[in-house]
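Visitor: Can you walk me through this one? Give me the terms as we go.

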Amino acid sequence: MTAAGAPPGSLEELATRPGHETVLAALARRSLIGISVAFLAALLLAPLAVVFATAFRGGLQVYLQAFADPDTQAAIRLTLLTALVAVPVNTVFGLSAAWAIAKFDFRGKSLLITLIDLPIAISPVISGMLFVLLFGMRGWFGAWLAANGISIVFAIPGIMLATLFVTFPYVARELIPLMQQLGNDEEEAAITLGAGAWMTFFRVTLPKIRWGLLYGVILCNARAMGEFGAVSVVSGHIRGLTNTMPLAIEALYNDYDFTGAFAVASLLTLLAVATLVLKSLVERSGYRRR
Amino acid sequence: MREGQPTVLPGFGLTLGFTTFFLSAVVLLPLAALALLAASTPLHELLDAVASPRALASYRLSFGGALLAACINLVFGFIIAWTLARYDFPGRKLMDAMIDLPFALPTAVSGIALTAVFATNGWLGRYLEMAGIHVAYTRLGVILAMTLIGMPFAVRTVQPALLEVQRDLEDAAETLGAGRWYVFRRVIVPAVLPAILTGFTLAFARALGEYGSVIFISGNLPMKTEITPLLIVIHLEEFDYRGAAALGFVMLAASFVILLTINLLQAWGRDRMVRRGQ
Amino acid sequence: MSITLDQLTKRYQGIPVVNDVSLEIGDGEFFVLLGPSGSGKSTLLRSIAGLSGLDHGRIALHGRDVTHVAARRRGVGLVFQNYALFRHMTVAENIEFALRVRHVRAAERRRRRQELLRLVALEGMDERLPAQLSGGQQQRVAVARALAHKPEVLLLDEPFGALDAKIREGLRRTIREVQRELGITTVLVTHDQEEAFAMADKIGVMNFGRLLESGRPQDLYTRPVTRFVATFLGAANLILARQGTDGPRWGARSPGLHCPATPIGRREREVVAVVRPEEIEIARSHEELVSSDYLGRGVVEEVLFTGALERARIRLDEAPDAPILAHGNPDGAVLLEATRAQFEQRAFAIGPGQEVTIGVRRAHVLPTPLSSFTVCASNASAAERLAGHPLLLDLSSRMKTRIRRHLEPALGASAPSRETAASLPGTTVIAAHRDVASDATWLLEQGVEEILILPEHASSPRRVLIHWTDESARRATLAASASVLRHLAAEAIYVGVLPEKAAAAERSFSIRDLLDARSEARIAHGLEIRTELRFGVAAQALTQLLDESPGHMLIVGITSGTQLAGELAALLANPQWPVLLVHRRHEALAHSRSAA
């Protein structure tokens, strides 16, 4: 047992410092905490609560009734399908991009990085619009697609593409700085010891990056399931066919079926909460962003 | 690793190839389409779309509102970041985790939820109505939604910067005779200024392009509460691809300027206080 | 007096980090607080600066009580280990910071800044940013900044830690010169003993939150009072010797040694002697020892050439009369460290495996009473269990002393054994159980003077209670307590007990005794203790205090074994805390009580 004391400059030391706890300081502290709590309560807590309050306004039966609607069920299925496609594809992309960027030097690397950051910087509506411009009826490929009976815009493939576009940066953006920070030493050691490419990746790299990977996947999934703007532009809003859950919410809301809209919203809210919980668990395991 | 030198690590061709292919297909191609379309539009059509009164009104709302929202986030974001970084109180960890809610929550959900809370008979809206403040279906509502969506950026950029300000500096300033307010003004704020500005810019960028959270609470009255992204959607629904593309171009240009500003800010912040391998 | 610290105590999670530190530093003095990490020296410095609060005690700067004064009003200058320069300000702005706060005009600020830059030899660097300076330059800016507002006291918290050796030396000289030129009272905290010697007018050595000794570097080096200071200030061989009425001796020889003026006890006692490696002479045989007294023979284990000096490690021969090194493994084979200058190497070269004769030029006997531990139990397994007790292992490794084992099947029996006292040197350790009082009484009859009673689950104590049944046991008990407390991070409280119905006169005598006890502890042993007065029966009052919270230890001084069975019986009925019994026969008191 040593006599090691409170770390210098820690909150504990601060608490005992002479002249530290003045009336003014206490007042300032209380006010700031109060303001923060009030601000967040109004902007975050209240909306969160209102989702569930409205969804359950008519009681449990009415709540469950909302999910019996076939259009709603189709929307849920479509959302899940979209996530099921977008997340794995973007994970592979993210791993691939991070490997290329973190481990090698090449011309155009910064351009690549900027391009990867792009979808996050532009409005989701514009993201969706880009695909309409490409594949819409009057788009670049519009004529060719119509001639061959393939529909992308106003159909599921379009939704997939738009979701892919807006969610692909998430995994990459988590992994690139992480892998840059972790360096190449271990992988180089593995190679010199005779390991092949895939073995190096699975045995050496993957374990190192697993928390960052998980973090990126969680964020990617949340965005994939919740994307509204981009998908809205591309989908065509065909109930039962090209409506994802967020679009179904909009449809129900515009029909003044508030309980229905909020019921579906409650599912997505639970997803959001689960995402936050998973995020804090990952952070608690020691993974700190950048 | 020098360029051109044979590297030990495998996978360069495979990963770079796949990455480039993916990006080309998903990003470059659509962008090219946009650029080409805009380029092939006759000028007067472009101007019609971009400078019509309705478009101008939407710019005022989108840009102006985003700016105001970013300012609100500047102030409150700093307060929240300060509170989280410096004070301990029951529920702090929960509050910290909740800051990321706007990140995780689908925009449509926050849109209808905000509307429900601030509508005339909403939980908070009813009290505001009594004070004569209308939120739903007004510009105020738009700004509110923009504030919500940008808040995590304002907090999450400032929070680590505040934590990073070495305790030593404040202690040193105190032994040199500085009171708390002096330390705040002259020592802390200059140190976190780049982060504050970055947060402001990020919040602004996000609010500018926001669609889902805003369209429910705004009411979408043309010339009054219509945001630019919605105008783009309307053009698309009318199959006016050119008009939509032109407007999209305006917004993209704004986004690039903002991105550039962010990068410059971050570089400035680094230069001011270069950390020498500490 | 420039800085006065009075009984400063700071606790962190119940453990005293700064433990009753009292100190006076004179005007213009360069004082170095030296100690290992975790010894509380940084916390002490920060308390003086006002960055850390205190749980107890007073701080006065130039006669002004600043205990509750905020840091910014204390008029101190503090230099941090990591410089803590304001990175967004230039050198000039950094230095002028304190002046700006005080609304000094620009012209005056500039003048002072130039003065300070000249002082620290950084002229011309005004407009540089800290990031553009080297570590040494940054530290000099930090010093200049701390001096700008003409503080009364300059404090430095391990300022050279982050720099490499050459720069460190240069900075040391700079700071010393600056300090002399300004005549400012300075306190520097470091764990580097060489640095302390190079810079200090006076050194204060800290360990476990206590200020163990303070004094001039030469005095602390040649005449340390405690084991810790002896070994911390330089390499030291600690050798167990026996001190009889005719002086100390090793084995059967009696070399001339420096020893304290008064022998501690009448009997032959085991003591610890400090022999510095440079005071050891190595020769071929007894006759060839030129400048030293004979110690013994040994075999050279290892020889290291380090340029100016040669370091040798020698295994002493084992023989019944051979000297024993205090620190080491039970089988007694420990290595003696010796340092020899070039001319000695030339006179007599040595190599590994060689048999040599060892002589001692100068040894210093430490006045500490606790020399080593001897575990005493009735059977081998109990002895081993006791010898492995965590608290005992902890204490013995910190005190750098050995644990011997001694089997006494007759422990507790009434038949006395002739040789026992001789085979129980040092402090005897026994296990606690219901009838431990009779074990202890038996040992006392054999002539043992210190007994440590260890219950099975005793942890490192946070508070040590001290008590004696009679004033004549005071001196020895305080000496033993001081020795123990130097190696524990624990607070010390002397508990005086008066009978319930004590008259007012009795009470005032007792209070005077408390004060006497405290001053004796401080003056004779450098130990700061608190005092408390309780009423009732000693055993009960003490038990009540001991039971208040876990982590206690009791040190009690007695003058006769009967007290164990009598007054203190309740205390020793299966104690749950470690108890150290200190026994000296009733000595004539040096003072007498006068009525009224």
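Guide: A residue counts as buried with 20 or more other C-beta atoms within 10 Å of its own, as exposed with 12 or fewer, and as partly exposed in between; the C-beta atoms are placed from the backbone. This is a predicted model, where local features need pLDDT of at least 70, side-chain atom pairs need 80 or more, and totals for chains, interfaces and linings use all residues. Numbering starts from 1 along each chain as its sequence is written, while chains are lettered from A and ligands numbered from 1 in written order.

Visitor: What about phi of Tyr256(A)?

Guide: Positive as well, near 65°. Tyr256(A) lies in the loop between α12 (245-254) and α13 (258-284) of chain A. Tyr256(A) is exposed, with 8 other C-beta atoms within 10 Å. For context, most residues other than glycine have a negative phi.

Visitor: OK, chain C. How many helices and strands?

Guide: Chain C has 17 helices and 29 strands. Of its 596 residues, 47% count as buried. Take contacts in chain C with a separation of 6 or more: 74% of them join residues 24 or more positions apart. A contact means C-beta atoms, placed from the backbone, within 7 Å.

Visitor: How many residues of β3(C) are buried?

Guide: 5 of the 5, so strand β3 (residues 30-34) of chain C is largely enclosed by the rest of the structure. Phe30(C), Val32(C) and Leu34(C) point one way; Phe31(C) and Leu33(C) point the other way.

Visitor: Which strand pairs with β3(C) over 5 bridges?

Guide: Strand β8 (residues 185-190) of chain C, in the parallel sense. Pairing takes at least two DSSP bridges between two strands. Phe31(C) stands opposite Val187(C) in β8(C). Strand β9 (residues 202-207) of chain C also runs parallel to β3(C), joined by 4 bridges. There, Val32(C) has Ile203(C) as its bridge partner.

Visitor: And α1(C), how many of its residues are buried?

Guide: 9 of the 9 residues of helix α1 (residues 41-49) of chain C, so the helix is largely enclosed by the rest of the structure. Among them are Lys41(C) and Arg46(C). Just after α1(C), Gly50(C) takes a positive phi of about 100°.

Visitor: What is the strand order in the open sheet of 9 strands?

Guide: In chain C it goes β22-β21-β23-β24-β29-β28-β25-β26-β27, with mixed pairing. β22 (403-407) and β27 (530-535) of chain C stand at the edges with a single partner strand each, so one side of each is left without a neighbour in the sheet. From one strand to the next, the twist averages 25°. Inside the sheet, β23 (residues 427-431) and β24 (residues 450-454) of chain C run parallel, with 4 bridges. Val429(C) is opposite Leu452(C) there.

Visitor: Which helix packs on the sheet?

Guide: Helix α14 (residues 474-485) of chain C, which touches β24, β25 (463-468), β26 (491-498), β28 (552-558) and β29 (579-583) of chain C. Its direction makes about 155° with that of β28(C). Axes are lines fitted to C-alpha atoms, for helices over the stretch in contact, and angles run from 0 to 180 degrees between N-to-C directions.

Visitor: Switching to A and B. How many residues are in contact?

Guide: 72 residues of chain A are in contact with 74 of chain B. Helix α2 (residues 23-55) of chain A gives the most to the chain A side, with 16 residues.

Visitor: Where is pLDDT under 50 in chain B?

Guide: Over residues 1-5 of chain B, for which the model has 6 contacts beyond four places in sequence. pLDDT is the predictor's confidence in each residue, from 0 to 100. Where pLDDT is low, the predicted coordinates should not be read in detail. Chain B has a mean pLDDT of 86, and 95% of its residues reach 70 or more.

Notes:
Helices (H or I, at least four residues) and strands (E, at least two) are DSSP runs, numbered from the N terminus. Two residues are in contact if their C-beta atoms, placed from the backbone, lie within 7 Å.
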